[in-house]
Protein chains: 2
Amino acid sequence: MIVMLPSSISQLPTPCLLIEQATLQRNIERLSSHIGALGCTIRPHVKTHKSVDITKEIVNGGHTKGITVSTLKEAQHFFSAGYTDILYAVGLVPNKFEQVKYLISQGCDIKVILDSVEAARLLQDFTQLNQTVFKVMIELDVDHHRAGVDPHGDTLLEIATILSDAQFCELHGVMTHAGGSYECFDHESQLALARQERDFSVAAAKRIREKGMPCPNVSIGSTPTAFAIDDLTGITEVRAGVYVLFDLVMAGLGVCDIDDIAVSVQGSIIGFQHDKHIALTDAGWMAMSRDRGTAGHKIDQGYGVVCDAKGAAYSHLIMQSANQEHGIIGVRDNNPENEQQLSPDILFSIGDLIRVLPNHACSTAAQYGEFYLVDGDRVIANLPSISGW
Amino acid sequence: MIVMLPSSISQLPTPCLLIEQATLQRNIERLSSHIGALGCTIRPHVKTHKSVDITKEIVNGGHTKGITVSTLKEAQHFFSAGYTDILYAVGLVPNKFEQVKYLISQGCDIKVILDSVEAARLLQDFTQLNQTVFKVMIELDVDHHRAGVDPHGDTLLEIATILSDAQFCELHGVMTHAGGSYECFDHESQLALARQERDFSVAAAKRIREKGMPCPNVSIGSTPTAFAIDDLTGITEVRAGVYVLFDLVMAGLGVCDIDDIAVSVQGSIIGFQHDKHIALTDAGWMAMSRDRGTAGHKIDQGYGVVCDAKGAAYSHLIMQSANQEHGIIGVRDNNPENEQQLSPDILFSIGDLIRVLPNHACSTAAQYGEFYLVDGDRVIANLPSISGW
């Protein structure tokens with residue numbers, strides 16, 4: 001079947017994923033101007049959308065250098081699309097060495113990361129055996145969040161020494177991700193963590209250099225800290241991904257407003273249960289993902305905030321639960337305006353279109369093989385994305 | 001690149017999804033013999049895996065008739081693969097009418113469902129205008145779970161009358177899904193709900209027939225009630241999906257044992273945080289899904305139960321949290337054997353392979369475009385699956 005692109009969102013199949021072009025561009029411009037003003041560059045993380053078209057928009061927004069990926073499949077895909085400067089930001093292990101070597105052999109300027117002596121030695125052996133130079137960054141733990149070595153500890157220098165001594169490893173620098181910023185619910189704590197992320201990374205680089213070893217790059221980033229940071233002296237690049245789309249988690253942290261969320265899932269109303277005051281849609285967890293990222297927030301948004309067909313949020317409605325291909329739309333708990341507002345089983349009719357703003361843009365976008373770029377009611381383009389490993 | 005199928009699971013890329021062939025076949029045989037012994041047939045729900053190859057195995061297991069799908073993309077895909085008798089088990093709405101009409105025009109014997117007078121009238125108008133006969137089942141609510149009309153209420157007969165009178169609608173019967181069985185934590189409550197599912201459905205069919213209208217089919221099903229039911233008199237088919245793979249949710253309900261789970265995600269150990277006694281893997285929530293289906297269970301399994309490379313479960317380890325491409329493996333809370341067992345940062349080395357049993361087979365399988373069918377260490381085949389709408 002040849003699929004024609006419909007001109008109106010009302011003609012799209014449901015569920016489907018919409019991206020508001022103007023909001024996307026505003027979000028891109030916001031970080032670009034902030035990081036640009038600080039004299040630094042963004043290495044956008046494409047894992048959020050895995051879309052070449054969106055990445056082009058980000059690069060067009062200025063102040064970027066290269067991209068960040070979370071899988072080697074993304075690396076391969078974006079390299080095939082013309083991106084050569086790629087940071088693969090997940091600790092590299094032996095069963096991926098061959099794939100990286102292949103990418104390098106094709107001309108891809110890929111950088112890999114690791115955070116253990118063991119991984120460094122394994123990579124040293126492999127690169128020596130294969131006579132292939134790997135560019136390697138050492139991952140730092142700046143907030144006790146997930147991965148990385150202590151910027152102030154001995155392991156950092158031990159790994160740096162192995163890589164620096166290895167004939168076929170190039171010590172490319174240090175990198176970190178202050179993922180702890182997802183627990184920072186106000187600007188002050190985000191700024192404090194952003195400064196810590198910067199300071200610890202700069203300090204780690206200094207320690208390496210003081211030992212006579214190279215550390216040309218200092219890469220930091222997370223969407224909350226990228227917006228919070230006020231001085232990037234000593235930092236060569238900032239990585240962030242979700243800021244281009246934003247989501248309810250970011251809104252819950254105060255990093256954006258609800259109106260800045262560029263991504264939504266369009267669904268159809270398929271039924272009602274009047275005794276429970278709910279409406280059912282064809283956008284279940286397959287369409288939204290199972291992500292409940294706002295569950296620990298002050299305002300738990302369920303599976304998402306419900307909007308009308310034009311994208312205006314209903315203050316009283318959320319997607320309260322989900323089955324695979326069924327979404328349950330109900331009235332928000334403790335909604336002060338309950339009395340004045342219609343419950344969804346009265347408000348909607350069968351076949352009505354709604355939109356749902358997601359908790360987490362990355363997990364929701366990953367449920368789709370393509371997105372629709374829209375301008376209000378008008379469909380501008382469909383943007384393919386990739387998945388898998 | 002031409003990708004050769006590796007002979008050993010140790011050569012597979014990570015993360016990847018493994019399906020144990022012997023376990024799969026045992027699971028298929030278990031429900032087949034149970035439903036067969038009750039003189040009924042299974043209409044397998046393919047939404048769990050979306051794989052034609054697995055569906056072939058199910059059909060080869062016997063006692064099946066047609067398939068159930070959760071999206072029209074699945075309907076199209078399985079129809080193209082030779083399956084004509086298809087039940088689309090999500091309430092049909094106008095923006096999907098044309099797609100169903102197209103499938104019918106191609107010779108697909110698709111059945112659709114609805115549960116409102118409004119939807120029935122919309123479909124009546126469409127079929128009349130298009131002179132195309134749609135086979136329609138009325139969805140029943142037998143457990144106050146999600147969708148469907150009251151089997152004892154007036155709406156059932158109102159919808160039946162519209163469909164029965166419509167020149168181009170064929171009233172194909174009634175159907176229900178006792179999804180409430182996912183809240184039944186022992187055999188007694190599962191049996192009670194299974195009998196209620198059967199009794200209410202048979203009663204609804206009887207009410208329609210007593211009004212002189214046809215109701216040839218009575219379709220029920222959910223994995224827990226399908227195994228619990230002891231008499232299927234009056235039922236023409238049982239729908240179930242997850243039983244072929246099973247998962248931790250089903251094990252938590254006592255419907256299967258951990259050893260019956262045919263599906264696991266293979267990941268690599270990529271790093272450690274010794275002070276937190278955790279190991280990191282490359283199987284994050286993208287590999288497992290965000291499904292936390294055991295969160296409300298007596299035993300919360302986190303993001304999954306951790307097994308060694310051969311699939312033997314560690315009693316003390318779970319995947320305790322997840323980022324997009326990082327899984328965090330830690331020691332289970334309140335593990336009585338903590339003292340005698342090694343924490344994962346000691347137990348594992350960089351590059352070690354592990355497997356993680358998922359909470360929910362449907363959501364985990366949906367993260368992959370292909371699965372690896374395995375027999376112990378040996379890779380038998382790769383099975384493509386589909387996604388999207």
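1. Leaving aside neighbours within four places in sequence, B:I67 is in contact with B:R43, B:P44, B:V46, B:T55, B:F78, B:Y83 and B:I86, where contact means that the C-beta atoms of two residues, placed from the backbone, lie within 7 Å. B:I67 belongs to strand β2 (residues 67–69) of chain B, and it counts as buried because it has 25 C-beta neighbours inside 10 Å, the cut-off for a buried residue being 20 or more other C-beta atoms within 10 Å of its own. The C-alpha atoms of B:I67 and B:A240 are separated by 9.8 Å, although these residues are 173 residues apart along the chain.

2. This is a predicted model, in which local features need pLDDT of at least 70 and side-chain atom pairs count only at pLDDT 80 or more, whereas totals for chains, interfaces and linings use all residues. Residues are numbered from 1 along each chain as its sequence is written, while chains are lettered from A and ligands numbered from 1 in the order in which they are written.

3. Not counting residues up to four places away in sequence, B:F246 touches B:N27, B:A251, B:C256, B:D260, B:I261, B:A262 and B:A361.

4. Between the chains, 45 residues of chain B are in contact with 45 residues of chain A. On the side of chain B that touches chain A, α5 (117–130), β9 (263–273), α10 (285–288) and α12 (361–365) of chain B each supply at least two residues, and β9(B) gives the most, with four residues. Helices (H or I, at least four residues) and strands (E, at least two) are DSSP runs, numbered from the N terminus.

5. The axes of helix α6 (residues 154–165) of chain B and helix α7 (residues 187–210) of chain B come within 10 Å and cross at roughly 50°, which means that α6(B) is oblique to α7(B); angles under 35 degrees count as roughly parallel, over 145 as roughly antiparallel, 65 to 115 as roughly perpendicular and the rest as oblique. The contact is made by B:L156, B:L157 and B:A160 of α6(B) together with B:A204, B:R207 and B:I208 of α7(B).

6. In chain A, the axes of helix α5 (residues 117–130) and helix α6 (residues 154–165) come within 9 Å and cross at roughly 0°, so α5(A) is roughly parallel to α6(A). Here A:V117, A:A120, A:R121 and A:Q124 in α5(A) meet A:T155, A:E158, A:I159, A:I162 and A:L163 in α6(A).

How values were computed: Axes are lines fitted to C-alpha atoms, for helices over the stretch in contact, and angles run from 0 to 180 degrees between N-to-C directions. A residue is buried if 20 or more other C-beta atoms lie within 10 Å of its own, exposed if 12 or fewer, and partly exposed in between; C-beta atoms are placed from the backbone.
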